[in-house]
Amino acid sequence: FPQVVASERPDRVVSILLEGGVAVLVDGSPFALAGPLTLTRAFQMPEDYYGRWLEGTVMRLVRFVAAVISLLAAPVYVALTTFHQELLPRSIAISLSMQREFVPYPAIVETIIMLLVFEVLIEASIRLPRVMGQTIGIVGVLVLGDAAVRAGLISGAMVIVVSLTALCQFTLAHQITMPLRIVRLP
């Protein structure tokens, strides 16, 4: 997890300074390094200070819950479908087992493959020009997900779990997103 944050935003750097942090400014660079970056500070956004305190607090709580979901959704799915089916309600367990009936891979392999494909799509959409990157991201996810489910390579529930993971990941700031992406796979 990062110890400092590189930011172009003066309000972000000033908020860290006002909370007792330090900042390093280098001549000719638009970025300032500010730190130390604590875990609670990583979930704060400058926009949290522009509204009422209750709105900022709720949004920080939403970001924290999103980080936990992003980190644990896939492992919990694998644990529930592989080892602890008795924890699921009967109708959900039957639905998941019917979806997984023709999938050739165990849930752990299916999860790792889907998370890796998701990471490749993120990197591809970042490296391409903005309009093309957004198009590749949306079309890639829709086409690949639908084709993989129709071909019986993955279950529909896995697409939902990976989509939930992605959605929760995109609610977070960049400095906390990369460590969560790295920690998620193992």
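Colleague: What covers the buried residues of α7?

Modeller: This is a predicted model: local features need pLDDT of at least 70, side-chain atom pairs count only at pLDDT 80 or more, and totals for chains, interfaces and linings use all residues. Residues are numbered from 1 along each chain as its sequence is written, and side-chain values use heavy atoms, leaving out hydrogens and water. Buried means under 20% relative accessible area (1.4 Å probe, protein chains only), and contact means heavy atoms within 4.5 Å. The cover includes α3, α4 (90–100), α5 and α8 (174–184).

Colleague: Which residues of α7 are buried?

Modeller: Helix α7 spans residues 156–169. Its buried residues are A157, M158, V161, V162, T165, A166, C168 and Q169.

Colleague: How do α3 and α5 run relative to each other?

Modeller: The axes of α3 (residues 53–82) and α5 (residues 107–127) come within 9 Å and cross at roughly 160°. Axes are lines fitted to C-alpha atoms over the stretch in contact, with angles from 0 to 180 degrees between N-to-C directions. Angles over 145 degrees count as roughly antiparallel. Therefore α3 and α5 are roughly antiparallel.

Colleague: Which residues of α5 does α3 meet?

Modeller: On the α3 side, the residues are A74, Y77, V78, T81 and T82. They meet A107, I108, T111 and L115.

Colleague: How many helices and strands does the protein chain have?

Modeller: Helices (H or I, at least four residues) and strands (E, at least two) are DSSP runs, numbered from the N terminus. The order is β-α-β-β-α-α-α-α-α-α-α. The totals are eight helices and three strands.

Technical notes:
Angles under 35 degrees count as roughly parallel, over 145 as roughly antiparallel, 65 to 115 as roughly perpendicular and the rest as oblique. The expected span of a helix is 1.5 Å times one less than its number of residues. Buried means under 20% relative accessible area, exposed over 50%, partly exposed in between (1.4 Å probe, protein chains only).
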